[in-house]
Amino acid sequence: MIELAFSILASDFAYLADEVAAAERGGGTIIHVDVMDGHFVPNITFGPPVVKALRAVTKLPMDCHLMIENPDAFIEDFAKAGAEMIGVHQEVCRHLHRTLQLIADHKVKPGVVINPATPVETLIEVLPMVHHVLVMSVNPGFGGQKFLPLAIDKIAHLAELRAEMGLNFRIEVDGGIAHDTVTSVVQAGADMLVAGSAIFASGDRAQTERNAREFLEIARAAASGLAGD
């Protein structure tokens with residue numbers, strides 16, 4: 001199933017609850033929370049208090065993407081705040097299997113993330129234990145970057161591995177995903193689509209709703225085309 005995981009990094013923080021509601025009305029089903037610490041990536045964003053505040057105003061699942069140097073120290077906090085999914089970077093986890101197990105132990109769906117320069121092969125041993133694999137199609141740290149086409153082959157590779165290994169993990173993609181790039185990533189095998197600027201850039205919540213709806217129409221048309229092949 002194709003899902004829109006709308007990234008609140010691109011939203012108007014002063015009206016965060018309203019922004020989330022507009023994206024949900026447009027068909028968004030997952031709130032993507034980009035957590036940055038200023039060390040692993042050159043930016044600082046959200047923490048567990050924001051997740052807790054959102055949990056009080058929405059029932060949508062929250063997908064917390066931890067772009068931080070020591071994720072193990074914060075997994076419990078994000079789980080208690082209300083995260084349903086937590087993704088950690090392969091590049092920062094010294095003991096990746098242990099970190100993913102820690103997420104699962106807190107009754108949260110574990111995900112693993114890879115940067116543009118990280119090969120898919122580094123994940124093969126942990127694929128059976130993850131809920132989702134997030135392929136970064138930009139270098140992490142800032143919203144509004146241009147999509148890197150090298151992500152297409154990585155998504156396709158993951159889709160092949162998923163079929164060969166008999167697994168059902170979701171394939172998520174994040175970075176430069178917009179109305180003009182979503183078809184290619186869906187055709188490659190992605191089914192959780194992170195979009196921020198493409199949804200929220202106008203600053204108008206009626207337009208946000210339309211953006212989300214149009215985005216999903218394009219994505220689902222691409223998926224339907226695959227089903228018909």
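A pocket is an open set of points on a 1 Å grid over the protein atoms alone, where a 1.4 Å probe fits, with protein on both sides within 12 Å along at least five of seven lines; its lining residues have an atom within 4 Å of a point. This is a predicted model, in which local features need pLDDT of at least 70, side-chain atom pairs count only at pLDDT 80 or more, and totals for chains, interfaces and linings use all residues. Residues are numbered from 1 along each chain as its sequence is written, and side-chain values use heavy atoms, with hydrogens and water left out. The fold contains a closed barrel of eight strands, paired in parallel in the order β1-β2-β3-β4-β5-β6-β7-β8.

**Barrel**

- Neighbouring strands of the sheet are turned by 25° against each other on average, direction ignored; the axes are lines fitted to C-alpha atoms.
- Strands are DSSP runs (E, at least two residues), as are helices (H or I, at least four), numbered from the N terminus, and two strands pair if DSSP finds at least two bridges between them.
- Six bridges link β2 (residues 30–36) to β3 (residues 62–67) in the parallel sense, and D34 has H65 of β3 as its bridge partner.

- In β6 (residues 132–136), five of five residues are buried, that is, under 20% relative accessible area with a 1.4 Å probe, protein chains only.
- In a regular strand the side chains alternate between the two faces of the sheet.
- From β6, H132, L134 and M136 point one way, whereas V133 and V135 point the other way.
- β5 (residues 109–114) pairs with β6 in parallel over four bridges, with V112 opposite V133.
- β7 (residues 170–174) runs parallel to β6 and is joined to it by five bridges; M136 is partnered there by D174.
- The chain passes from β6 through helix α5 (residues 150–164) to β7 in a right-handed β-α-β crossover (clockwise from the first strand over the helix to the second, with the strands pointing away from the viewer).

**Largest pocket**

- The largest pocket holds about 290 Å³ of space, a volume taken as the space filled by probe spheres set on the grid points.
- Its lining comprises 24 residues, with G143, G144, D174, G175 and G176 nearest the centre.
- β2, β8 (192–195) and α7 (197–200) each give two or more residues to this lining.
- The lining residues divide into 13 nonpolar, nine polar and two charged; Gly counts as polar and Asp as charged.

**Residue A221**

- A221 lies in helix α8 (residues 205–228).
- A221 counts as partly exposed because its relative accessibility is 47%, between the buried limit and the exposed class of over 50%.

Conventions: Axes are lines fitted to C-alpha atoms, for helices over the stretch in contact, and angles run from 0 to 180 degrees between N-to-C directions.
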